[in-house]
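Come and read along with me.

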Amino acid sequence: MQINLKARDWHNWVSVILVVPMLLIGFTSFFLAHKKDLGLNEIDMTPYVAWLPGYGEGAMQGQHLELRSVLQLPDGRQVVGTNVGLFELTAAGPVSVQALEGMQVRNLAMTGEGLLAATKEGVWLERAGAWQQVLAGDAWNANSAADGSVTVALKEQGLFISHDGLNWLAWQGADVAGAFAGMRDTELPRERVTLGKLVTDLHTGKAFMGKTGEWVWIDLLALVWVFLGFTGLWLWWRAQTRRRDAAVKRVQAGAARTDA
């Protein structure tokens, strides 16, 4: 009987400890499913997360530099885009461009106004040494054409074109966009599914509900996690209260018998 009681106590306490990550996963799942609608990718939290072990100084030791793009500028400078920002190669070594520090710089191109960087945090343009964001979104690449225009691809938004790097328009080229306009989904090649992608899509629900419906799967699971977390805390608190009340009653009953 004593062994069963200890096992139950261990079960209860471990469950209470696990409630914290359970609730965290549940609440963050809601934001994960709707981060685009809420604009969460546009909010910079870098100055506020250094206290977390995964973002502190110790985490930097395991960080690997990934070279994404390189470009030789007309003035002779050479710049390199990486997963942690843009660097200029100098005689003293690589120098980080402060304005793009921490960003994933995926591609580089030259425009009539200056250097253009396609990053995960949007498209950025350097003019007279100052950087500014000229197009919001998750930019995949940037390609220069012979006429001086630059085309970029934004995730889930499509192609955009600019002749000066400042003013952007949705791509209207009939030779590209128009060629796919009348193509039915059934005529497109089937997307390649690796085991890693399958596992991810099973986790997010995309394998069951598709890309447009995976938020339903995530929201339902998040509700379940939050429900289990709160009800688990409630049951544990009620059990602890009952045990405390029972102990108080036993003490009071013992005291009454002693007085008698």
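These are my entries, from the whole chain down to single residues.

**Ground rules.** I am working with a predicted model, where local features need pLDDT of at least 70, side-chain atom pairs count only at pLDDT 80 or more, and totals for chains, interfaces and linings use all residues. Residues are numbered from 1 along each chain as its sequence is written, and side-chain values use heavy atoms, with hydrogens and water left out.

**Whole chain.** I looked up the secondary structure and found five helices and 12 strands (DSSP runs numbered from the N terminus: helices are H or I with at least four residues, strands are E with at least two). Of the 260 residues in the protein chain, 28% are buried (under 20% relative accessible area, with a 1.4 Å probe and protein chains only).

**S162.** Next I picked out S162, which belongs to strand 11, residues 158-162. Is S162 buried or exposed? I noted S162 as buried, because its relative accessibility is 1%.

I then checked its partners. Setting aside neighbours within four places in sequence, I found S162 in contact (heavy atoms within 4.5 Å) with S149, V150, N167 and W168.

Key: Buried < 20%, exposed > 50% of the residue type's maximum accessible area, 1.4 Å probe, protein only.
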